[in-house]
Amino acid sequence: MFTGGMSELPRSRPPALALTGLVKRFGTKVAVDGLQLTVPSGCLFGLVGPNGAGKTTTLSMATGLLRPDAGRAEILGRDVWSDPAGAKGLIGMLPDGMRLFDRLTGQELLRYVGLLRRVPETDIVSRSAELLAALGLADDANTLVVEYSAGMTKKIGLACALIHAPRLVILDEPFESVDPVSGEHIRTILRGYVAGGGTVVLSSHVMELVESLCDQLAVVAQGRVLAAGTLDQVRGSSSLQQRFLELVGYTAAGEEALSWLRSSSGSS
Ligand SMILES: Nc1ncnc2c1ncn2[C@@H]1O[C@H](COP(=O)(O)OP(=O)(O)OP(=O)(O)O)[C@@H](O)[C@H]1O
């Protein structure tokens, strides 16, 4: 279980995110299996794991989108399930496959989210313009979101997660489908946000990205945390990619695997 940094925190400063004994089953499948995770305030925290490890399910429970079968999720000391308004008011989130009101333009969508989050009108205007410019969406501010590409949709979703300047942002694969230039802009935005005291939790499959961006991380597999802590604590003297493969038990496919695919004497 990860507890890095907690002992130095004053009692009055709860962790940004504390997940305790989280469990979620889908039928007989145990997607999240007693997961424990503590994310200190002010860090950029990466959540990595193989496909089906339980990352999305965990983040959905952490953000109040999915009710756990057991366990607790607390955001800055507020229980997500007994104080949903208090907890959700502190976060911005980019869920996996988020459904947006896509018959609005990008600018209209940001205004709508800003109003829901009680951002003053003048701030909505200035923040929307800044976010759209920073994410390379300024030219498409008046395009309907339904017409956005996958990467553009991801970026407008990220802008929606940030417009109210929350204390914690939880982002499920924020770099998926995003081009390298936009990816660099997103990194800059997230670093600046954390430098200003915010906390980011993001999931990703790209180890190099997590290695270059995150201060701390957790490796999740089969619904449990296998390792967590600072980058150096988790990877030791290996690269994160190498350490990840060791932790999740990667074994190379045998010579005979998919031999038909390598054959030059196929039937057609
Ligand atoms: N709604 C659902 N109904 C049934 N099973 C589900 C459901 N959602 C998730 N699962 C199962 O729970 C497990 C964890 O899924 P989850 O989406 O949380 O993994 P993940 O780590 O986010 O995976 P990926 O990296 O592929 O996005 C998987 O075995 C998945 O098949």
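This is a predicted model: local features need pLDDT of at least 70, side-chain atom pairs count only at pLDDT 80 or more; totals for chains, interfaces and linings use all residues.

Let's take the α5 side. The axes of α3 (residues 106–116) and α5 (residues 150–162) come within 9 Å and cross at roughly 25°. Angles under 35 degrees count as roughly parallel, so that is how α3 and α5 run relative to each other. The crossing of α3 past α5 is right-handed. Down at residue level, G106, L109, L110 and V113 from α3 meet I156, A159 and C160 from α5. Sorted by class, that contact has 6 nonpolar residues, 1 polar and no charged ones.

**Some positive phi values**

Now for the backbone. Most residues other than glycine have a negative phi. Against that background, have a look at R118, which follows α3 and has a positive phi near 60°.

L76 isn't a glycine either, yet its phi is positive, near 45°. You'll find L76 in the loop between β4 (70–75) and β5 (78–79). Is L76 buried or partly exposed? It has 18 C-beta neighbours inside 10 Å, so L76 counts as partly exposed.

A165, another non-glycine, has a positive phi of about 50°. A165 lies in the loop between α5 and β7 (168–172). With 14 C-beta neighbours inside 10 Å, A165 counts as partly exposed.

Terms used: Residues are numbered from 1 along each chain as its sequence is written. Axes are lines fitted to C-alpha atoms, for helices over the stretch in contact, and angles run from 0 to 180 degrees between N-to-C directions. Helices (H or I, at least four residues) and strands (E, at least two) are DSSP runs, numbered from the N terminus. Angles under 35 degrees count as roughly parallel, over 145 as roughly antiparallel, 65 to 115 as roughly perpendicular and the rest as oblique. A crossing is left-handed if the near helix is turned anticlockwise from the far one by less than a right angle, and right-handed if clockwise. Two residues are in contact if their C-beta atoms, placed from the backbone, lie within 7 Å. Ala, Val, Leu, Ile, Met, Phe, Trp, Tyr, Cys and Pro count as nonpolar, Asp, Glu, Lys and Arg as charged, and the others, Gly among them, as polar. A residue is buried if 20 or more other C-beta atoms lie within 10 Å of its own, exposed if 12 or fewer, and partly exposed in between; C-beta atoms are placed from the backbone.
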